[in-house]
Amino acid sequence: MSFVVTGVRIWSDVVLQATTITFNSGSTLLLAPSPEKGGGPPTTLTIIANEIDINGPATITYDFDSAPAPAYDPGTPKPPQVGMAPSGSNGFSPSGTGSFPQAQNGSDGGPGMTGAKGIPGVDAPEIQIFVGVVKQVASGKLTINVKGQDGGRGGDAGNGGNGGNGQVGSPSTTSSSWYDNSKCTQGAGKGGNGGAGGDAGFPGRGGAGGNGGIVNVFTLAPSLPVVKTWSYIVDFGKGGQPGNPGSAGSGGTGGAAGTVNDPCPPVPGFGGSTGPNGQTMNAVDPSWATDYAGKDGQPGYSAQYAIKQVPS
Amino acid sequence: MINTPLVTVAGNYDVTDDIIFCDLLQFVGISPQLVIRPVPGSKVGARRLLKIVAKVIDTTGSTGATITYNLDNNFELPAGNIPSFADPTTQTKTGSDGTPNAWQGPFPDTASPNFNPVWDTLHAGPFPKAADGGDGYAGGRGGTGAQGMDGPTLEIWTTNVIGGVSIDLRGQQGGNGGKGGNGQFGGTGQGGSPGITGTDTSWTGVPYLVCTQQPGQPGDGGRGGNAGCGGDGGDGGNGGFVKIFYTSGVNVAALATMLQGGKGGNIGTPGNPGKGGAAGALETTIPVACGTGQNAQVGPNGDGCQGGDTGKGGVSQPGSPGADGSLTTYVVKNIPSD
């Protein structure tokens, strides 16, 4: 049986066996899921042939995620995570005037949610080729590109919620009598403190890069020099970039001190303190852009061997 | 490449080559294991393939013959039902503990300033409000558990199988996340300043005491540091792939495969939040004319971080399970030879 590759020809089985396999110039044998057959992608391929004819530059590569051409998986990263994780809720701000000695504090803002993890790049397939004879025109060269796919970008994180504002302090109280003037019976109350801002959400980690593939070619001794001229691309995929971290929530405003009525003494500084801002990602981890990037994959390898008998 | 007429597997037989050509692959003794190990020079996590071209695979001189793998070179205790230290039956490493990790035992790690009245002789702070205790730092997030090893690809070419072999290339279970760090305790607030009195006279000319400066408010206690969240669980490894090329008449069913994906690791244990600092002491000798002093507030405890909630430090996530591998069998007329 002959098997001819012209243009782009998809192959979706684990084994490709033919008497003769012919690669026409500019052709691509694409390891990819078959729309007709369904199922997952074949992550390993064994090619068995008595003879391989190469009539010009040709390629064997893979496309497991059905991304549109012209670039297949080795040249296209996984798609980025879209959207943004939920932001934290804003803190509660109590209304009115509070009780003595201190009014109610604003509640803290909620932290932003972590961004979605990036999609990992796929590991490149393993390709094993058993071939008796290789015939190749002068301009012919087979490129086997099983570089690991690059990981996808992580998702963006949610923002921290703002802290609630502190309540206004209670007013001072006085008493008065006809014989000894007015008296201060209770000083002005302190305003409530503002709530803390919510922490910034962590960025989604970038997807890990896929591992490079493994390519072994077994052929009869006379054809070994030819298969050694082929191009074997077994590099690893790079890890995806992290998403953007969220922004930190602002601290709530402190409530004002209570109203001072004569003759009560002034109460400078009795306003509630402003709540602290939430932590930014830079404060938590100054090197987050590196730490939250996806890990690179590992490189694969290729080798060529001479054998005495090829399978059939 | 290993190229020899006879390969005998007794006990643990480690293979670091990627190809074995032999006439007879023989398993002998009790629980012999052919263990696929990393190719020299390769990094942990790299893909691994072993091709076995054996005319005959014979296990009749053994019990419990197995082909499995150990690709992470770690020493891990077996967790599965097979008494083996190979990757499919062990769980990979737990993530590192989170740092910082505040000591919370006797004499706990406490934020500064910390106006502990026992050794802080300058109790009284400035008017109108003394200094607050320092806020505790948050515990660090635990490290992510290591990713489980993917099962390798095993390609077998054979013309005869005598006896049976278990091929265990299940994905390794991901490591559990590391423990989150404990939050630091908040500092104690400074003591409040005393009230100050003066005199005034009524319209009848009688002097009486008035309060010219109310007692200062003590410092609030510092906020306890948040608990560090447990680390994310590591993803489980993918199950391996097995391709068996055999000539007609070979009992392929004698090569039993286990190719399930590994489980994801669990979220690490969260740390404990730090306790809020105590409020500063109120001045005890408050003049009657100055009424009541204003107490300061105890610092709030740090936030906890329960697995899966929205606790600060980012939501921890368990590892994802690995995908199952697959088995392919294919009949050929003859197998390669070298």
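Where in chain A does A:Pro101 lie? I found A:Pro101 in the loop between strand S6 (57-62) and S7 of chain A. Strands here are DSSP runs of E, at least two residues long, and helices are runs of H or I, at least four residues long, both numbered from the N terminus.

**Ground rules**

I am working on a predicted model, where local features need pLDDT of at least 70 and side-chain atom pairs count only at pLDDT 80 or more, while totals for chains, interfaces and linings use all residues. Residues are numbered from 1 along each chain as its sequence is written, and chains are lettered from A and ligands numbered from 1 in the order in which they are written.

**Cis prolines**

I went to A:Pro101 for its peptide bond: the link from A:Phe100 is cis, with omega near 5 degrees. Chain B gave me a cis bond too, joining B:Ser112 and B:Pro113, with omega about 5 degrees. I placed B:Pro113 in the loop between strand S5 (66-69) and strand S6 (153-162) of chain B.

**Positive phi**

That loop between S5 and S6 of chain B also holds B:Phe107. Its phi is near 55 degrees, a positive value in a residue other than glycine. Next I checked burial, which goes by the other C-beta atoms (placed from the backbone) within 10 Å of a residue's own: 20 or more is buried, 12 or fewer is exposed, and in between is partly exposed. B:Phe107 has 6 such neighbours and counts as exposed.

B:Ser31 is not a glycine either, and I read a positive phi of about 50 degrees there. B:Ser31 sits in strand S3 of chain B. I counted 15 other C-beta atoms within 10 Å of B:Ser31, which makes it partly exposed.

**Confidence**

I then looked at pLDDT, the predictor's confidence in each residue on a scale from 0 to 100. Chain A has a mean of 91, with 96% of its residues at 70 or more. Within chain A, S10(A) is lowest at a mean of 78, and strand S12 (residues 231-233) is highest at 97. Chain B has a mean of 88, and 95% of its residues reach 70 or more. Over residues 306-313 of chain B the pLDDT is below 50, yet this stretch has 27 contacts in the model beyond near neighbours in sequence. Where pLDDT is low, predicted coordinates should not be read in detail. For the complex, the predictor gives an ipTM of 0.77 and a pTM of 0.81.

**Chain B overall**

I counted zero helices and twelve strands in chain B. The C-alpha trace of chain B spans about 125 × 30 × 30 Å along its principal axes. Even so, 59% of the 338 residues count as buried.

For contacts I used C-beta atoms, placed from the backbone, within 7 Å of each other. Among those in chain B between residues at least 6 apart in sequence, 81% join residues at least 24 apart.

**Where A meets B**

The contact takes 42 residues from chain A and 39 residues from chain B. On the side of chain A that touches chain B, S7(A) gives the most, with three residues. I sorted that side by class and got 19 nonpolar, 17 polar and six charged residues. Nonpolar covers Ala, Val, Leu, Ile, Met, Phe, Trp, Tyr, Cys and Pro; charged is Asp, Glu, Lys and Arg; the others, Gly among them, are polar.

I also looked up A:Ser312, in the segment after strand S13 (301-306) of chain A. Leaving aside neighbours within four places in sequence, A:Ser312 is in contact with B:Val332, B:Lys333 and B:Asn334. Its C-alpha atom is 7.7 Å from that of A:Asn50, 262 residues apart along the chain.

**Core**

Last, I looked at nonpolar cores, meaning sets of buried Ala, Val, Leu, Ile, Met, Phe, Trp, Tyr and Cys residues joined through C-beta atoms within 7 Å. In the largest, of 76 residues, A:Tyr62, A:Ile144 and A:Val215 touch the most other members. Strand S3 (residues 19-36) of chain B supplies the largest share of this core, eight residues.

Conventions
Two residues are in contact if their C-beta atoms, placed from the backbone, lie within 7 Å.
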